[in-house]
Amino acid sequence: MVAAMADSDSGGVSRRGFLIQSGTGSAASLLGAASLPAVRSSAQAAPAPAAAPITEIGPGPVPVQLQVNGKTVAARIEPRDTLAHVLREQLGLSGTKIGCDRGACGACTVWVDGIPTPACMTLALDVAGTAGKGGRAARPVTTIEGLSTAQGTLHPVQDAFVAHDALQCGFCTPGMVMSCAALYERKRSQGQLAALSEGEVREAIAGNLCRCGTYPHVVRAMLSTAKGTGNGKNGGSR
Ligand code: FES
Ligand code: FES
């Protein structure tokens, strides 16, 4: 082991090689000399994985593309910027609220790849598209502003929230609607919308805090719109 460390210092043995030798040495002393060849061949059979190329980004702003509400937009973001911050401060999409800024209240909920996601806990860079070698496509983000149609028709869940008075101060409402609408769309794509249960609604909004206590109205709105009795003009269909 001492010899191996000496080789490592001189560059002859890699850190991984040293650890493998140390491991096989310990294993060999436990298994006995008769087992040594098998242990060695097993260690030798595991090739070191090729190191992935590392691309450094930042610390200053870098140009990226974001795909928000079906549109590709250019932005300059720092690696530390959260998606919530970029949506509000750079793109002017202030419907996404920041309450706790630490993943506890759900006010900042948006969809990333169609999945409800706390935007305050998501680095904008993680959803951004980058150009050039090793670049990648931006991941689709949907905010409350993108939930209604281009013609201004509300999503059935938005409509039901209005019809059932499922908001008071409204601060939690965009995040609450995004969580509910994701559940609505998932059940609809499964052909299970009419079977939506109160438990499923409660589970979907478990991460959305409402200090005004509108939960009973939110549940009622969801159940009624799922059964096609949302009482709003778009209830149950779109
Ligand atoms: S602001 Fe993101 S979870 Fe509270
Ligand atoms: S409506 Fe006020 S926090 Fe929910």
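**Notebook: a predicted model, looked up piece by piece**

I looked for disulfides, taken as pairs of cysteine sulfur atoms within 2.5 Å, and the count came to zero. Cys-172 counts as buried because its relative accessibility is 11%, while Cys-212, at 29%, is partly exposed.

I note that this is a predicted model, in which local features need pLDDT of at least 70 and side-chain atom pairs count only at pLDDT 80 or more, while totals for chains, interfaces and linings use all residues. Residues are numbered from 1 along each chain as its sequence is written, chains are lettered from A and ligands numbered from 1 in the order in which they are written, and side-chain values use heavy atoms, with hydrogens and water left out.

I looked up the confidence, given as pLDDT, the predictor's score for each residue from 0 to 100: the protein averages 83, and 75% of the residues score at least 70. Residues 1-13 have a pLDDT below 50, and this stretch has eleven contacts (heavy atoms within 4.5 Å) beyond near neighbours in sequence. Residues 22-39 also stay under 50, with six contacts beyond four places in sequence. Where pLDDT is low, the predicted coordinates should not be read in detail.

I listed the secondary structure as DSSP runs numbered from the N terminus, helices being H or I of at least four residues and strands E of at least two, and found nine helices and five strands. Of the 238 residues of the protein, 36% count as buried.

I then turned to helix 6, residues 156-163, which is largely enclosed by the rest of the structure because six of its eight residues are buried. These are Pro-156, Val-157, Gln-158, Asp-159, Ala-160 and Phe-161, and what covers them includes helix 7 (173-189) and helix 9 (215-226). After helix 6 comes Asp-165, which has a positive phi near 55°.

Last, I searched for cavities, each a set of points on a 1 Å grid over the protein atoms alone where a 1.4 Å probe fits but cannot get out, and found one of 30 Å³ or more. The largest cavity has a volume of about 40 Å³, volume being the space filled by probe spheres set on the points. Its lining residues, which have an atom within 4 Å of a point, include Lys-97, Asp-101, Cys-105 and Cys-120.

Note on methods: Buried means under 20% relative accessible area, exposed over 50%, partly exposed in between (1.4 Å probe, protein chains only). On a 1 Å grid over the protein atoms alone, a cavity is a set of points where a 1.4 Å probe fits but cannot get out, and a pocket is an open set with protein on both sides within 12 Å along at least five of seven lines; lining residues have an atom within 4 Å of a point.
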